Amino acid sequence: MPTTPAKAKRLPKSDTLTLELSGDAAILAAVREWLSMLAPRPKPKLSEFMSEHARDDTGAPITPFPFQLDMADAFTDPETERLSCRKSSRIGYSTILQSFVAWRIRYDPARTLIYQPTIDDAEKFSRDDLDPVLQWDIVREVATFKPRHADNQIRAKRYKGGWIQIKGANSPKEFRRVTADDVFQEECDGYPHASKDEGDPGRLADKRNLTSPRRFNAAGSTPKVKGTSRIDKRFEEGSQEYRYVPCPHCGEMQILTFGDGTGAGIRWEPKKNPTRAWYVCVNGCVIEEEHKADMDAAGQWRPHNPAAFPRHRSFHIWAAYSQHPGAAWIEIAREFAEVRGDPNQLRTFVNQVLGEAWVEKGEAPEWERIYLRRERNMLLGTPASWVGLLVGSVDVQRGSGGQGWLKFSVWGFGPHRRRMLVHSERIEGAASDPATWTTLNDIVSQTWKTADGRHLKLARVAIDSGDGASTMAVYTWARQHPGFAMAVKGRPAVGVLQAISPPTWQDIALNGRKIRRGVKLWTVGTSMLKLELYGLLGLETPKEGEDYPDGYVYLPDDVSQDMVKELVAEQLVEINKRKGGGAEKWDKLQERNEELDNAIYARAVAISLGVDRWTARQWAKLLGTVKAPRRPPAAAQASQAAETTAEQRQSKQTAAARPKRPAPSRRSNPFTSRGR
Ligand SMILES: [Zn+2]
């Protein structure tokens with residue numbers, strides 16, 4: 001627990017000093033001052049400091065909200081090295097940061113870097129949020145910041161023992177040649193995407209104080225898009241603290257949630273232009289706004305990931321807790337009623353008022369927007385010059401009257417988690433008809449010529465075994481192509497957090513004979529991969545001069561509208577939301593969704609091959625941009641990579657079982673070797 005020396009904000013009054021004789025008063029005051037200079041300066045906790053010294057724009061004292069106090073103390077807890085606050089607006093995070101800057105100057109000078117999204121933001125922050133702090137009485141006791149003085153520039157302030165620099169994350173120069181003790185990342189979800197040459201601004205900021213023995217790193221931001229949100233990722237890595245407050249009627253401690261109008265959450269009437277709002281407790285009690293202050297005063301921060309406590313404290317807080325007049329429950333209800341019909345405004349509401357990343361609710365991205373952002377200079381059938389790995393996916397479909405077809409897709413993968421839809425095709429024929437599989441054999445063994453003239457074959461093909469009626473046919477086909485075809489099965493539960501699980505052996509029936517452990521079956525966590533895909537499809541096309549962000553999903557110019565519609569064919573809906581987390585499931589928005597399934601399975605296979613961990617050098621070899629001694633075909637290299645990742649355990653066991661024998665010569669696989 002925190003060990004910061006507490007209290008003792010004022011000088012101790014000894015008994016002798018209280019016996020003030022009129023003539024000695026001046027001497028006593030001098031002695032008192034002299035003593036105060038000798039005594040070690042006790043450092044108050046930030047909560048105490050903030051309650052006493054924080055001032056608003058007009059110079060009036062601020063009374064902190066109870067939920068702010070523990071967050072504030074994490075700033076001055078020497079055991080806390082990293083702090084992340086995922087927040088809505090109107091919760092007063094900037095007051096905490098302001099107070100901490102003042103505390104530093106007064107009690108513990110340090111080298112402080114504050115990053116804002118842009119240099120313009122940095123200047124604005126300095127003028128509007130920092131300059132007033134430098135005039136607080138408590139700061140003026142120890143430091144004077146004179147107008148137009150060299151030590152008081154807009155983005156660089158110097159004081160005895162320390163300095164403050166305010167920087168913009170939009171320029172790589174802002175991250176160079178500066179070493180600090182504190183790094184603050186303000187609104188880090190508003191930083192630009194990673195650039196080709198410089199990397200991710202969030203990570204660059206993190207590096208600025210690595211060499212400081214007393215480093216402290218804090219980020220506060222409203223989240224943007226699930227999957228790419230920096231603050232969301234930091235929140236997950238930290239202690240994940242939520243604010244529990246008691247119901248004034250039944251006493252149950254609970255997290256305040258917006259809700260969906262059925263269980264716990266904010267309610268209002270009338271629906272269109274609310275004039276009254278209240279909160280419904282998890283046990284159904286009706287709570288009025290007037291109770292909010294008492295509830296927060298009796299509230300507690302509870303970590304959902306205590307392992308990270310106290311080294312990395314992360315907090316989630318949103319408007320419903322705030323006693324700011326603009327955050328009253330009726331105001332939140334009014335805002336929601338206004339924006340609910342407009343997806344863009346709703347997204348802003350989710351970010352700014354609920355403090356949540358968009359897509360957390362699982363809305364499918366609008367297919368029109370994705371269709372419009374397709375790549376003008378890419379075509380289906382031609383992998384881009386950065387594609388180093390091709391993965392195929394097959395979805396088996398049954399039609400009426402014994403008919404059926406296979407949906408076959410190919411995705412290309414490259415460095416920085418980028419991927420591209422390369423091929424999509426419908427293969428007519430029922431799973432029960434051997435001719436269908438012969439056709440598939442021809443198709444999966446073909447070669448794709450990349451934009452820079454390389455020839456790529458598929459490294460792997462995933463095939464969905466899900467539909468019970470065709471499972472045996474799928475197993476049989478997969479068994480014919482060991483090390484190439486992967487039979488997969490989706491696990492759609494929202495809570496599954498593993499993209500692809502180690503395979504299990506399945507029995508198969510072949511020509512009426514049962515073969516035990518005849519084929520391997522991989523299980524894919526489809527929900528998390530769909531959320532990832534949707535988050536990445538939500539990335540905006542880079543502007544002129546910007547690089548494509550990490551994880552970008554490229555759709556060639558000639559994809560059809562139907563392909564795009566299939567790719568975003570499902571959305572995550574909440575079935576029932578209680579106590580801050582509810583049951584959720586994926587619902588089809590339209591009947592055809594094979595393109596989505598295939599995209600997910602291809603990504604799962606790519607993960608099993610280890611692409612997210614491949615180094616720049618491994619990619620360069622695949623892409624032929626560095627010379628390897630003898631360059632094997634790209635697909636074969638990918639297979640080698642796979643053997644050291646997904647099937648690592650398997651091959652290790654095999655090796656252990658037969659330590660002395662030379663490795664058995666592998667039967668060449670018609671699909672992965674070039675057959676020269
Ligand atoms: Zn209650």
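Which residue is the bridge partner of valine 280 in strand 12? The partner is valine 286, and this pair is a handy place to start a tour of what is a predicted model.

- Three strands make up an open sheet in the order 10-11-12, and their pairing is antiparallel.
- Strand 10 (265–269) and strand 12 (286–287) are the edge strands; each has a single partner strand, so one side of each has no neighbour in the sheet.
- Strand 11 (residues 276–280) is joined to strand 12 by two bridges, and the two run antiparallel.
- Helix 11 (residues 329–339) lies across strand 10 and strand 11, at about 105° to strand 11.

**Strand 5 and its partners**

- Strand 5 (residues 162–168) is mostly covered, with five of its seven residues buried.
- On the parallel side of the story, six bridges link strand 5 to strand 2 (residues 111–116); here threonine 112 has isoleucine 164 of strand 5 as its bridge partner.
- Strand 4 (residues 156–159) pairs with strand 5 in the antiparallel sense, over four bridges.
- Isoleucine 164 turns up again here, as the strand 5 bridge partner of lysine 157.
- Strand 4 and strand 5 form a hairpin with two residues between them, and glycine 161 in the turn has a positive phi of about 90°.

**Helix 3 and its two helix contacts**

- Helix 3 (residues 46–53) and helix 4 (residues 66–76) have axes that come within 7 Å and cross at roughly 115°.
- Helix 3 brings Leu46, Ser47 and Met50 to this contact, while helix 4 brings Leu69, Ala72, Asp73, Phe75 and Thr76.
- Sorted by class, the residues of the contact between helix 3 and helix 4 are five nonpolar, two polar and one charged.
- The axes of helix 3 and helix 5 (residues 93–107) come within 10 Å and cross at roughly 100°, so these two helices are roughly perpendicular to each other.
- Leu46, Phe49, Met50 and His53 of helix 3 meet Ile96, Ser99, Phe100, Ala102 and Trp103 of helix 5.
- The contact of helix 3 with helix 5 has seven nonpolar and two polar residues, with no charged ones.

**Helix 9 and its surroundings**

- Buried residues in helix 9 (residues 230–237) are Arg230, Ile231, Asp232, Arg234 and Phe235.
- These buried residues pack against strand 1 (82–87), helix 8 (201–206), strand 7 (216–221) and strand 14 (312–317).

How values were computed. Residues are numbered from 1 along each chain as its sequence is written. This is a predicted model: local features need pLDDT of at least 70, side-chain atom pairs count only at pLDDT 80 or more; totals for chains, interfaces and linings use all residues. Axes are lines fitted to C-alpha atoms, for helices over the stretch in contact, and angles run from 0 to 180 degrees between N-to-C directions. Two residues are in contact if their C-beta atoms, placed from the backbone, lie within 7 Å. Ala, Val, Leu, Ile, Met, Phe, Trp, Tyr, Cys and Pro count as nonpolar, Asp, Glu, Lys and Arg as charged, and the others, Gly among them, as polar. Angles under 35 degrees count as roughly parallel, over 145 as roughly antiparallel, 65 to 115 as roughly perpendicular and the rest as oblique. Two strands pair if DSSP finds at least two bridges between them. A residue is buried if 20 or more other C-beta atoms lie within 10 Å of its own, exposed if 12 or fewer, and partly exposed in between; C-beta atoms are placed from the backbone.
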